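Morning, everyone. I have one chain to walk through today. Please bring it up on the screen.

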Amino acid sequence: MGKKISIIGSGFSSLASACYLAKNGYEVTVYEKNSSLGGRARQFSKKGFTFDMGPSWYWMPDVFDKFFNDFGKETKDFYKLKKLNPAYKVYFGENDSISIEDSLEKIKKVFEYEEKGSAKKLEEFISNAKENYSIAVTDLLYKMPGLSPLELITKKTVLKAGSFLSNIRKEVRKRFKNKKLRSILEFPVLFLGAKASNTPAFYNFMNYADFGLGTWQPENGFYDVVQAMVDLGKSFGVKYLTDHEISSINIKNSKVESLTINNSEFESDIVLSGADYAHTETLLSSNYRQYSNKYWSKKTWAPSSLLFYVGFDKKISDVAHHNLFFDTNFDDHAVDIYDKPKWPKDPLFYANFTSKTNSKTAPKGCENGFFLIPLATNLEDNDEFREKYFNIIITRLEKLTNQKLKNNIIFKESFCVNDFIKDYNSYGGNAYGLANTLFQTAFLRPKIKSNKLKNLYFSGQLTVPGPGVPPAIVSGKLVSDLILKDEKVI
Ligand SMILES: Cc1cc2nc3c(=O)[nH]c(=O)nc-3n(C[C@H](O)[C@H](O)[C@H](O)COP(=O)(O)OP(=O)(O)OC[C@H]3O[C@@H](n4cnc5c(N)ncnc54)[C@H](O)[C@@H]3O)c2cc1C
């Protein structure tokens, strides 16, 4: 047997690295504090309804494909994927919505209808976004462990220097006047955790992910991906232990020697933490931590969220699988998230109804609803706030889609700041980690290798490349490559 590697947490970065490391002969054990695997992508079931608890937008299918290809497999060996049409629907008011369909040609028609001359501009914008996507994914993503600023400098990125200095909002507003089109084009950067005005224009590659590559859905939901990665890991001998919370990382002779779980010690040659970075550092005695509380408190955090998982006893009309409710002013909401953190006055929200495209996720004749309101981290969270906001969004949903729903709720479960902290040891209750702003990109993010302990590594949405499932999978690959390099395996 090879050396023992312990992985803390079972989010996507951990699941990915477990596969890469076990394939290279290491004895890998994944320790997860919760009773199910997948981290923020856990699944929740109740009364015949099934919900993906976290991620629901399957974007950048090439990253998932590349992961399975690295093991001589294909995505379709594990789960069926379907391209959604419409990809999503955006509500701007009563009888005022736009459906984004499954091809750029169709989307251009909608743009042209809303703003004369915008189809051509969109084509140019997406062509530039496609070029950036190719640079981001081919030249940067997999070659950027965040160890040096030089990683960012390639012949192609030098030519793109200007797009790191401008921001998405500026570039969108330069080209499009129509408010609705502007907000649709600024929406994808929400996945990166920051405001469009604070996100480098280079990140418009997310617009190519949206309009160019499209929105996909694994047949049984996002949990198919978790299950696939666990099955793959098992085929290489990875052990997955749930209900195993690490309470300390123990050091001897300037090396991590073991992990403590329920007062028992588990020896390890190498430790990799895919749990929230800030939390992992609290498992070390203070002289082995790399980042201070002040460091974390000054970071731009991606939002937390108020989530609802709702079982409805009837079918809901006029909604798609994915729906964005942009009938309020996002700029005001963004101030409440990033600038002056407080509960938002008029929040925008997102809802998905996976039973629209998969009859297995809700009982016959019923609909499952997942609702998300982005919130600032560290907000006071209590039942009264949750109830108040549920009422706000369900009332708006009724009004915008012109139907009664309040008396059709079989159950509703909520999840918010306090649950993110309790369930995931999340800093300030963040949902998506550290935002990808200019000063939190690449080598400016927390490092994937400890500079104090040579056998301690980190992965996940607080490190490189950043928030989101595809970046988390890439993070697992980057850290595995670094471990294998340090071990002189590659
Ligand atoms: C509500 C929501 C919606 C999202 N929507 C999307 C989307 O549509 N598309 C997309 O691409 N991304 C989305 N994301 C982001 C995406 O889910 C995350 O970026 C990604 O899953 C994070 O993976 P990770 O590897 O960082 O680990 P995480 O998922 O953060 O997992 C870390 C794990 O570590 C465990 N842990 C913590 N402390 C300990 C300990 N002491 N001992 C043992 N285990 C521990 C936690 O329980 C957790 O399971 C969403 C996230 C959320 C929360």
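How many bridges join strand 11 to strand 12? Four, and the two strands run antiparallel. Strand 12 covers residues 264–267.

Some ground rules before I go on. This is a predicted model: local features need pLDDT of at least 70, side-chain atom pairs count only at pLDDT 80 or more, and totals for chains, interfaces and linings use all residues. Residues are numbered from 1 along each chain as its sequence is written. Helices (H or I, at least four residues) and strands (E, at least two) are DSSP runs, numbered from the N terminus. Strands pair if DSSP finds at least two bridges between them.

Back to the hairpins. Ile261 has Ser264 as its bridge partner in strand 12. Two residues sit between strand 11 and strand 12, and Asn262 takes a positive phi near 45° in that hairpin. Now step back to strand 10, residues 246–252. Six bridges join strand 10 to strand 11 (residues 255–261), and these strands also run antiparallel. Ile246 has Ile261 as its bridge partner in strand 11. This hairpin too has two residues between its strands, with Asn253 in the turn at a positive phi of about 50°.

Five strands, order 9-2-1-13-19, parallel pairing. Strand 9 (239–241) and strand 19 (456–458) each have a single partner strand, so they stand at the edges with one side left without a neighbour in the sheet. The twist averages 20° from one strand to the next. For angles, axes are lines fitted to C-alpha atoms, for helices over the stretch in contact, and values run from 0 to 180 degrees between N-to-C directions. Contact means C-beta atoms, placed from the backbone, within 7 Å.

Helix 1 (residues 12–23) lies across strand 1 (4–8), strand 2 (27–31) and strand 13. Helix 1 runs at about 165° to strand 2.

Now helix 14, residues 383–401. It has 19 residues and reaches 27 Å from first C-alpha to last, close to the 27 Å expected at 1.5 Å a residue. That expected span is 1.5 Å times one less than the number of residues. Which residues of helix 14 are buried? Tyr389, Ile393, Leu397 and Leu400. They cover an arc of only 75° around the axis, which puts them on the same side of helix 14. The arc is that of the directions from the helix axis to the C-beta atoms. Buried means 20 or more other C-beta atoms within 10 Å of the residue's own, exposed means 12 or fewer, and partly exposed is in between, with C-beta atoms placed from the backbone.

On the other side of helix 14, the exposed residues include Asp383, Glu387 and Lys399. The cover over the buried residues includes strand 6 (88–93), strand 14 (304–312) and strand 17 (367–375). Just after helix 14, Asn402 takes a positive phi of about 60°.

Last, the whole chain. There are 16 helices and 19 strands. Buried residues make up 49% of the 490 residues. The C-alpha atoms fill a box of roughly 65 × 55 × 45 Å along the principal axes. Of the contacts with a separation of 6 or more, 71% are between residues 24 or more positions apart.

Technical notes
Contact = placed C-beta atoms within 7 Å.
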